Amino acid sequence: MTRIVTIAAAALGILGTLTPSAFAQSAQQTAPQAQQQTLSPAMKQDIEAGLRYPLPADFMPRAAETLQALQAANIRPPNSTKLSLQQTIGQIAATPGIPAILSAHGFTPESFTMGMTAFGMTLAATNGQALPAGLPAPNAGNVALFHAHPEQVTALMQAMGTPPGQN
């Protein structure tokens, strides 16, 4: 359970930094805390939302392009590591420059945040992380998408700044 809580925290935190090196670092930093804490109802709800959220078939290439555009514009959203999904969506929407770039790639702050969360949660679950009892399995369509397009998973991870195998 500790690992999935850590992944969930990192998946939510990734939106604040938009780099998976921060995702990995956040996961390492949160592990001791996660071992001492149980899932709060709010965290459980956010994890469930991420596990259930259906990714569009073209999510991964669009997300990778979006991350590259944000990086090219030198836009870094505020850190949202300790925020709920709804608070993170609000922060993303309020950060100058982000909504326009998201829109140009077919995203809203909510669809991008939820998609990135679903990506992180599905990535954790498909890499052998056991889900705590009471949590749903990842969206079957997302798992199928990962299996059908492993190169897109790798490309999105690279756009996030995490080399494959370091998630």
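Here's a quick look at a helix crossing and the aromatic rings in this model.

The model is predicted, so to speak of local features takes pLDDT of at least 70, side-chain atom pairs count only at pLDDT 80 or more, and totals for chains, interfaces and linings use all residues. Numbering starts from 1 along each chain as its sequence is written, and side-chain values use heavy atoms, leaving out hydrogens and water.

**Helix crossing**

Helix α7 (residues 109-126) and helix α9 (residues 150-160) have axes that come within 12 Å and cross at roughly 115°. Axes here are lines fitted to C-alpha atoms over the stretch in contact, with angles from 0 to 180 degrees between N-to-C directions; helices are DSSP runs (H or I, at least four residues). On the α7 side, the contact (heavy atoms within 4.5 Å) uses Met116, Phe119 and Leu123. From α9 come Val153, Leu156, Met157 and Met160.

**Aromatic rings**

There are 3 aromatic pairs in the structure. Rings of Phe, Tyr and Trp (its six-membered ring) pair if their centres lie within 6.5 Å; planes under 30 degrees apart are stacked, over 60 edge-to-face, and the rest tilted. Two of the pairs:

| Pair | Centre distance | Plane angle | Type |
|---|---|---|---|
| Phe107 and Phe112 | 5.3 Å | 70° | edge-to-face |
| Phe119 and Phe146 | 5.3 Å | 40° | tilted |

Phe119 in α7 and Phe146 in helix α8 (residues 140-148) sit 27 residues apart, so this pair links distant parts of the chain. Phe119 is buried (under 20% relative accessible area, with a 1.4 Å probe and protein chains only; exposed is over 50%, partly exposed in between) at 1%, and Phe146 is buried at 6%.

Notes: Helix = DSSP H or I, 4+ residues; strand = E, 2+ residues; numbered from the N terminus.
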